[in-house]
Structure formats: C-alpha cells, structure tokens
Amino acid sequence: MRVTRHLWGCVSLAGFLAALAVVLERPLLLAGVALIGAWLLATQSAFLAALERTRRGLSVTRSMPSSSVRADESVPVTLAATLADPAPLHLDVDAGLPTATKTADGDATAVAVEPETTGAERTAVASWPVVGTHTFDPARVTATDGRFRETFAAGGSPTVSVESRGPQAIHVGEGGDRLTSVYGEHALRRSGRGLEPAELREHVPGDAAKRIDWKATARLATPHVREYETETTRRTLLVVDHRRPLATGPPSETKLDYLREVMLATAESARDSDDPLGLRCVGDRGVTTDLEPAATAEAYATIRRELLDVEPTPATPSPQASTARARPQATDGGRSETPRATRDDAGPSPPVHGGATRRTARHSVRDLEGDTDPFAETLRPFYAESRRDSRRDRDRPLSDAVRTSLASSVSATRTIVFTDDSDPAEVRETVSLARRNDSDVTVFLAPSVLYEPGGLDDIERAYERYREFESLRRDLGRLEGVRAFEVGPADRLGTVLEAARDRGGRR
C-alpha cells in the first residue's frame, strides 16, 4: 500500500504541529497531532476495508469475437470491469494485453471505474503480427481513495491463437471427396513402368498396346504384359501457373495462395523421398523461373523459397517479367530462347532463297506487306505460318512451358501442374503434352467459382459452373497416367455441394 501526496501533506502537518508544541511549550498542540494521527488510522482502516470488498466483488474480462485470429488482422478487444456493489474507491484497470500486441490507441487498453459506480468498459482495436499462441497478462487494477493507493491483479489469463494469413480450411480431392494421402506420396517399390522386370501377366482390357511383351506373346500364344519395378526415386517437375487469373480471391486467399499450400506439401514429400525436384513457373509472358530437377538440399531449399515468393503476374507486367530467373531456356530446336516480346517484335529469320542476290532478306512481316514482287510472294507464307505459331505460344504459355521441358528432358519425368480452369482448352493441351514419354501427370486445379467475389450469390448458377469444372477434372482423370484434383476453400465447396443435395432432395 502506498500513500498519496494528500496523505503526505497531512503527515507533514502533524509533524509541524509536534515541532511547534515543543518549541513553544504548548502541549495543547500535541492534541492536534493526536487527532490527525487517529484520523489517519481511521482513514487507512476504511480504505483497507473498502479495498477488500472491491477485490471480492470486482470482475475483469477481456473478450474478442473469436479466440482465433489471423496475423495482422484488426480485432476488437473489449475490456470490462464490473463491481458487485458500488465502491467508494476510484479504480484504474489496465487490460494486460499480450506482448507484441498492436493497438491504434494505447489509452484505449484501460478503463476507469469512478467511485460509487458499478463498472465501465471500453473497446480497443488490436492486432498481433506474430503467429502463435499469446496469453493475456492478468489485468492491473489501481485502487485509491485519494489518500492511499494499492495495485493488484484481477481477471484470468485468456489466450488468443494467432494463425498465419492465408488459406486455412483447404480442400484437396476429387468431386468433393477429400484426398487422404500426402500430396505427391509414392511407394518405394511398386509395379508399373520402370527398369527392372518384375512379373509376366496376361493382357487385360485397358492395358496399352505398347506395354505388350511381344516375345512372350509369341511364345505363349496369348497377349501378355510384363510388369516392371519402378525406380525408388522419380524425377519430379512442378509446373506452377501464376498468371493474372490466379490472383482471383480475397487477399491472402487467392487461387494461388491455396495452390501454394499444396505446392509446398508436394515439395516436402519429394524431399522426404529424395526425388529430384525441379520447378517451372509460368507468367503471362512465359517462363519466369526454370530450375532443373535435382535432389540436393540446396535445390529443395531454393524451390521452397521460389514457391513462397511467387505471386500472380501484375496487371501491367514489366518487360523484365518474361525473363526467367534461371538460365535461358532451350526451345524445341535446341536454340536459346529470348524473351517472347523481343522474339515477337523481331519476327523469325527468313529462309535463305538460293541465288537471291538482288534483294536483302526481310526480318519482319510488316516489310512484306504491300510488296507484290515474286520474291516477297514466296516469303510471305513462311512468315505468316511462323507468326501464327508465335501467337499460339504467346496465348498459351503454360502448354508452351511443358512442351519446352519435354524437349529438354533426357528421362521420364513426373509432371505436377498447378493451375485453374480459366482456360480448359489450354489445360487439356498441357496435360496431353505432359503425358508424352510415358510420364505420370498430376493436375491440381482451382475451380474459379469457389474464389470469385459473389460467386456463390446465385447458388444454382454456382453449382452449374462447378459441374462444368468437375466435367473437365474427370475428363483429365480418365487419361492414362493422369490424376486430377480440385483445390479450394472447404467451406465454399461444402456450400455448393450442400445446395446440390438440397436440389436433389426437392426433385
């Protein structure tokens, strides 16, 4: 218990009267000192009694809409101090917010309960930038009657769980059924395409003709297929689409944010299996990152950093956006690939016309427009065809990236594609290209209807759009060696599927 300046003034007055009584030899003044002392004792006793009643009847609470919040999310925190009965003391209650808490106004974290009132409350807006579990300290209450002051703790120690910003309830599965295995997980030894012969079995419907062992078929007089043990490790290439449509969705919950969680889990699974892992990121203007498959700790760490840093292509891409952060890529013909904008502007090199010395070969289609001489007429079809191919590659950079990776690959590579359904034709083409060379293909698709603002306002229309997406996913999954999964917010997908069940029940 501490004393206030007012009390110190009374004590000083008593001391002055005592000294004056001695100096002036006036014993009557000592009676005044005795009265002041008695008054101080009575006042202290009354304060202690009021303090005890206040401590027993005081309730201090800190409340929030939810005990789980996102990092840097602004959340109202209400501090309330309530007394069972009015008290003659003035109370200052400090909220006791956890460390690393940010508030717009520091004074808003405390309330004052005036004498003879039963409580007060105040709401402050707080945020926590650090992920984890944070504990509120007990509130600090300072009680005073103007002469004595006492500080004590009140209230419990509630906790708040701060989660990282980004997707929380992620659904990965097929047609609403959740995938239970780890993304990218594979058995160490299994039957299928590989190097080591395992067993010979009869051909069954569904087996590809190229898998028939013709020597065994000739020997046994019936078609037979030989199974092989696959390699214990698989070269894996992650093809990440981060074009503008992947920015669809609320902040930190876009298509790319949800797909990123699956990418990281897939990369972690590859690292645990010692699979050589590569990465190819594709933006609106072509390949932005190209890392060849490798199974070193440095390669895994680099890919993880790239996956964490990749963002959707800006609305106005810079000229440098088309330049890969790794080495220049090789085209199908083995030539070094320049940024697509430069290649398109410059145009292809014209074919050399034997004996044509009277005119210099043109380097742009625009140079040939309006030219009617026989030499220009000969060159024009070559330029037109090349320009169509260039436009097709520019409009479909995802499939172009897969085509390039297959051209430069020296062995079978498992390809895992992360994209959305905004261009079904390109997705089909990309998967068809990735299936070449007997490669296994996994596709993770983000259904646009689950991310668009207001996409579920018309639930009937949302379900029809989801059915269109599901048709695309199933078509891809029916291809040999291909598995296709949906990736999206579990709650929004549940809403769509629940509406479908309700509609089925009404029918």
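This is a predicted model: local features need pLDDT of at least 70, side-chain atom pairs count only at pLDDT 80 or more; totals for chains, interfaces and linings use all residues.
On the α4 side, the contact is formed by R260, M263, L264, A267, A270 and R271; the α5 side contributes Y300, R304, L307, L308 and D309. By residue class, the contact of α4 with α5 comprises 7 nonpolar and 4 charged residues, with no polar ones.

Helix α4 itself contains 18 residues and spans 26 Å between its first and last C-alpha, close to the 26 Å expected at 1.5 Å a residue. Of these 18 residues, 13 are buried, so α4 is largely enclosed by the rest of the structure. D274, which follows α4, has a positive phi, near 60°.

The model also contains an open sheet of 4 strands, arranged in the order β2-β4-β8-β6 with antiparallel pairing. Strands β2 (58–63) and β6 (102–103) form the edges, each pairing on one side only. Within the sheet, β4 (residues 75–83) and β8 (residues 119–127) run antiparallel and are joined by 8 bridges.

Notes. Residues are numbered from 1 along each chain as its sequence is written. Side-chain values use heavy atoms; hydrogens and water are left out. Two strands pair if DSSP finds at least two bridges between them. Helices (H or I, at least four residues) and strands (E, at least two) are DSSP runs, numbered from the N terminus. Contact means heavy atoms within 4.5 Å. Ala, Val, Leu, Ile, Met, Phe, Trp, Tyr, Cys and Pro count as nonpolar, Asp, Glu, Lys and Arg as charged, and the others, Gly among them, as polar. The expected span of a helix is 1.5 Å times one less than its number of residues. Buried means under 20% relative accessible area, exposed over 50%, partly exposed in between (1.4 Å probe, protein chains only).
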